[in-house]
Amino acid sequence: KGDRVVIYISMSIDGVAAMQACARIGATHSVVFGGFSAQSLRDRIEDTGAVAVITADNQVRGGKLLPLKSIVDEAINLGGCDAIKNVLVVKRSGADIAMTAGRDLWMADVADQQATTCEPEWVSAEHPLFLLYTSGSTGKPKGVQHSTGGYLLHAALTTKWTFDLKADDVFWCTADIGWVTGHTYITYGPLALGGTEIVFEGVPTYPDAGRFWKMIQDHKATIFYTAPTAIRSLIKAAEANDAVHPKSYDLSSLRLLGSVGEPINPAAWEWYYENVGGSRCPI
């Protein structure tokens, strides 16, 4: 309880489980976006005073294997990470990676030795749930701390009231758990309400720019939450190729759309409303 754990992992159920496992035992998690460098990771490990890192051998994005564990090794070797006792590694790709004896452990080996139940560590409403750092694009990254009670209440209520989440919905937020939107609308909000959701590891343009629309069609998503940057890039792709245009897919399951991350421009809003939401889904 009170220990800090850094999570540097692919966009996966393993990442969501790691965050919730920390919450369950009263440890404070700090998720570092899987695209960040060894230096950025080192800075966050040092600042949090983390005792453990949870990572994966690799992540898979756009058909490519991208390193995670080797970047953790590099970050720790940069120095200043002296509080680290363990590195837990999820086997995502199965590729060969270096493991440091006495420090690095395969997640599956550790999990197999645990009981199937874990009583929650009771904490006060003000107990730190997580630390999340600004990207550092405007100077030294600033750590933001969220408390357990207020944050969870806000996550649950905004999912319920803003997104109108119901028992039969399939909710898809395309954010990454490395950002606060992914914390609130992937890891905590929908699951606190017992919702069904999609967790997506990948990019919206692989294997082609129809990937989002195919996912909505195949999984009958009812609520879709994405960013204006993604919408704008998919507009260009759809204009160039009818096959990846939303109109080429059955998106009739959708009932509500969301936009997040930055202000949306009118042209992108109108295209999203008309072509993805069929001029019937509120945004």
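The legends below describe close-up views of a predicted model. Local features need pLDDT of at least 70 and side-chain atom pairs count only at pLDDT 80 or more, while totals for chains, interfaces and linings use all residues. Residues are numbered from 1 along each chain as its sequence is written, and side-chain values use heavy atoms, with hydrogens and water left out.

View 1. Strand S6 covers residues 86-90, and because 4 of its 5 residues are buried, it is largely enclosed by the rest of the structure (buried: under 20% relative accessible area with a 1.4 Å probe, protein chains only; strands: DSSP runs of E, at least two residues, numbered from the N terminus). Strand S3 (residues 52-56) pairs with S6 in the parallel sense over 5 bridges, where pairing requires at least two DSSP bridges, and Ala56 has Val90 of S6 as its bridge partner.

**View 2. Ile84 in the largest nonpolar core.** This core has 52 residues, and those with the most contacts inside it are Ile7, Leu41, Ile84 and Ile177 (a core: buried Ala, Val, Leu, Ile, Met, Phe, Trp, Tyr and Cys residues joined through side-chain atoms within 4.5 Å). Leaving aside residues up to four places away in sequence, Ile84 touches Ile45, Ala50, Val51, Ala52, Val53 and Ile76, contact meaning heavy atoms within 4.5 Å.

View 3. A separate core of 26 residues includes Trp172, Ala221, Ile231 and Val276.

Note on methods
Buried < 20%, exposed > 50% of the residue type's maximum accessible area, 1.4 Å probe, protein only.
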